[in-house]
Structures are given as C-alpha cells and as structure tokens.
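Reader: Please show me the model, then let me ask about the terms used for it.

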Amino acid sequence: MKPIYSPLLILFVLFLLVSCTEDEENECFECSYEKRRTSCSSSSFGSWESLTSESVFTEDIKEGLSKQGYCDLVYPSSDLACSGDCCISFQFRNVTVESCN
C-alpha cells in the first residue's frame, strides 16, 4: 500500500523549508547622536550638535553585534584624536538607532 500525500501537506512542508532557510533581512539603519568637541587652541568643549551617521546595513556589522551595540561602539561617550601636537577631544551622548528613510 502506497502512502498518499495531500497537496496541502506538500505545500506546508515546502513552506517550512523555505521559512527556516531564509537569511535574516538586511536592514538599513542610522545612528543618531549629539556631539561636542574641543579644538587645538582651546580645551573647552563647544556646544552640542545633533547629527546622524551615514546609512549602515546589518550585513556590514560584526556578527553578534546589535544595531545599538554598533552605534555605541562607533560613538562612545568620549574619544580623542591627535595629529602632530594637536589633540581634539570628542564627547557623544544620546546615541540611538533610527531606521533609514
């Protein structure tokens, strides 16, 4: 006796196979943040300015790193950039993830 498979059962199994093997969607996001900095001639920080990063895609970030984790890594609470005898300090705050427009 041959087993009889219904077309519905076959479609269901195919659906499960496709949904289980699909890659995660490659999402586009941006990091919004506020930044202020010193200058070569002054160690006092300027005023805060609101900025948004360029678009980033989830496939481009390190595996296991969340979108918020990526933004926090790229825009830490403070950073320092030096060239020659000039060093500029940066501060970042209110780092959030935004969907691309």
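**Strands, core and loop**

Author: Strands S1 and S5 run antiparallel and are joined by 8 bridges. The model is a predicted one.

Reader: What makes S1 and S5 a pair?

Author: Pairing requires at least two bridges, and S1 and S5 have 8. Within this pairing, arginine 36 has glutamine 91 of S5 as its bridge partner.

Reader: How do you know that S4 pairs with S5?

Author: The threshold is again at least two bridges; S4, residues 78-83, and S5 have 6, in the antiparallel sense. Cysteine 82 stands opposite cysteine 87 in S5. The two strands form a hairpin with 2 residues between them. In the turn, glycine 84 has a positive phi of about 65°.

Reader: Which residues make up the largest nonpolar core, and why is it called nonpolar?

Author: This core has 12 residues, including Phe29, Tyr33, Ile61, Cys71 and Phe92. The name applies because a nonpolar core is a set of buried residues of listed types, Phe, Tyr, Ile and Cys among them, joined through side-chain atoms within 4.5 Å. S1 (28-37) and S5 (86-99) each supply at least two of its residues, and S5 gives the most, with 5.

Reader: What is tyrosine 33 in contact with, beyond its neighbours within four places in sequence?

Author: The contacts of tyrosine 33 include Glu49, Leu51, Tyr75, Phe92 and Val95.

Reader: Why is glutamate 59 called exposed?

Author: Its relative accessible area is 61%, and exposed means over 50%, so the term applies to glutamate 59. Glutamate 59 lies in the loop between S3 (56-57) and H2 (67-74). Glutamate 27 is 32 residues from glutamate 59 in sequence and 7.8 Å from it in space, C-alpha to C-alpha.

Note on methods
Residues are numbered from 1 along each chain as its sequence is written. This is a predicted model: local features need pLDDT of at least 70, side-chain atom pairs count only at pLDDT 80 or more; totals for chains, interfaces and linings use all residues. Side-chain values use heavy atoms; hydrogens and water are left out. Buried means under 20% relative accessible area, exposed over 50%, partly exposed in between (1.4 Å probe, protein chains only). Helices (H or I, at least four residues) and strands (E, at least two) are DSSP runs, numbered from the N terminus. Contact means heavy atoms within 4.5 Å.
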